[in-house]
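The sequence and structure are shown first.

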Amino acid sequence: MTHCRPATLEDLPVLLEIEATAFTEDDQFTRRTIRQKLDSPSAFVTICEVEGVPAGSAILLFRKGVTVARLYSIATNPVFEKRGVGAALIAACEAEALARGCDRLRLEVRAENARARSLYARCGYSLHDTRNGYYSNGDSALVLERDLRADTA
């Protein structure tokens, strides 16, 4: 069974472990960055558990007066791939965005990351923009967006 819940400061070691399993060292968030997000009222950090075991996490950002939330990061422990963790994290972030009055969710994904792009497409995200040389290694990003009101109409 997959279950997402808001993360707390007590989850910091688990969040760091998920980062370490999901990303190369250059792409991992630091302890300080994750702690700042956990402490920030303009961020929502969630953990997804599979049968009680932490399997993934996501960070969602908000800006006052803006109705577009930003999916800042999503990470899945590779051990739990193809178990619905990514889709569950996206659904949890969409629900939180709606609860905070947002009508759209936007994210950046590496243009070369076909697996993530496929997940986002299945979840209803479409191309909004392209950012050449967006990542530190020069990779381009696709900016994807989903209208969250489509489900409530």
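## The largest pocket

Strand β4 (68-76) contributes the largest share of the lining of the largest pocket, seven residues. Helices and strands here are DSSP runs numbered from the N terminus, with H or I over at least four residues for helices and E over at least two for strands. Besides β4, the elements α1, α3, β5 (104-110) and α4 (114-122) each supply at least two lining residues. The model is predicted, so local features need pLDDT of at least 70 and side-chain atom pairs count only at pLDDT 80 or more, while totals for chains, interfaces and linings use all residues. Residues are numbered from 1 along each chain as its sequence is written, and side-chain values use heavy atoms, with hydrogens and water left out.

The volume of this largest pocket is about 1,200 Å³. Its lining comprises 40 residues, of which Phe23, Ile74, Asn113, Ala116 and Tyr120 are the closest to the centre. By class, the lining holds 19 nonpolar, ten polar and eleven charged residues. Ala, Val, Leu, Ile, Met, Phe, Trp, Tyr, Cys and Pro count as nonpolar, Asp, Glu, Lys and Arg as charged, and the others, Gly among them, as polar.

Pockets and cavities are found on a 1 Å grid over the protein atoms alone: a cavity is a set of points where a 1.4 Å probe fits but cannot get out, a pocket is an open set with protein on both sides within 12 Å along at least five of seven lines, and lining residues have an atom within 4 Å of a point. Grid points are joined across faces, edges and corners, and a volume is the space filled by probe spheres set on the points.

## The second largest pocket

The second largest pocket has a volume of about 190 Å³. Its lining consists of Leu61, Phe62, Arg63, Val66, Val68, Ala69, Arg70, Arg106, Glu108 and Arg131. Five of these residues are nonpolar and five are charged, with no polar residue.

## The cavity

Leu15, Glu19, Ile34, Val45, Ser57, Ala58, Ile59 and Ser73 form its lining. Strand β3 (53-61) gives the most, with three residues, and α1 (12-22) also supplies at least two.

## Backbone exceptions

Most residues other than glycine have a negative phi. Glutamate 51, in the loop between β2 (43-50) and β3, has a positive phi of about 50 degrees. It is exposed (over 50% relative accessible area), at 63%. Lysine 82 has a positive phi of about 65 degrees and is found in the loop between β4 and α3 (85-99). Its relative accessibility is 86%, so lysine 82 counts as exposed.

## Overall form

Four helices and seven strands make up the elements of the chain, in the order β-α-α-β-β-β-α-β-α-β-β from the N terminus. The radius of gyration is 15 Å, close to the 15 Å that the globule rule gives for 153 residues, so the chain is as compact as a globular protein of that length. This radius is taken over C-alpha atoms, and the rule is 2.2 Å times the number of residues to the power 0.38.

Buried residues (under 20% relative accessible area, with a 1.4 Å probe and protein chains only) make up 44% of the 153 residues.
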